[in-house]
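I opened the notebook today to look up how charged side chains pair in this model.

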Amino acid sequence: MSAPLYNAQILRLATSIPHQERLAQAQATVSKRSPVCGSRVTVDVTMDGEGRVAQLGQEVRACALGQASAALMGEHAIGRTPRELAAARDALAAFLAGGRDDPGDWPGLEIFGPARPHAARHPSIRLAFEAVAEAAAQALSEPVR
């Protein structure tokens, strides 16, 4: 029997999104929107002198899956480099698409396993990770790969 797409863990995460205040002095801001469902995430970042995320702000207007993803991203993005954020984004995308068996080393992403057969849900799950990877790269003027 497969796990439910919306479970208690997803719903708990959806109500506990950290860093929900936008940053007044962001070095970069990126907004991403899912054309499938209309979910939208805006991420602000500032970077420290070592090229790591120092501050994060986000505005999340998404379904429960998108909110849960933003919560997991927000819990662990501070201290990460653009390269680490891009790797997490790519691992999550490959996991959802069936290109890999695990979601990588970002804590908690295995919760999205039940969403793998539901391709229409993938864009909203990826939004926060796409936005933070792009914002961090922009803040350091690095190309997003």
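Predicted model: local features only at pLDDT ≥ 70, side-chain atom pairs only at ≥ 80, totals over all residues.

Residues are numbered from 1 along each chain as its sequence is written, and side-chain values use heavy atoms, with hydrogens and water left out.

I looked up the salt bridges, taking one as a side-chain nitrogen of Lys or Arg within 4 Å of a carboxyl oxygen of Asp or Glu, and found six in the structure.

I began with Glu 134 and Lys 32, whose side chains form a salt bridge at 2.7 Å, N to O. Because Glu 134 lies in helix α4 (residues 122–139) and Lys 32 in strand β1 (residues 28–33), this pair ties together parts that are 102 residues apart in sequence; helices (H or I, at least four residues) and strands (E, at least two) are DSSP runs, numbered from the N terminus.

For exposure I used relative accessible area, with buried under 20%, exposed over 50% and partly exposed in between (1.4 Å probe, protein chains only). Glu 134 is partly exposed at 21%, and Lys 32 is partly exposed at 23%.

I then turned to Arg 126 and Glu 130, which form a salt bridge at 3.0 Å, N to O, and which both lie in helix α4, four residues apart, or about one turn of the helix. Arg 126 is partly exposed at 24%, and Glu 130 is partly exposed at 22%.

My last entry is the salt bridge of Asp 90 with Arg 89, where the closest N and O atoms are 2.8 Å apart; Asp 90 is partly exposed at 41%, whereas Arg 89 is buried at 10%.
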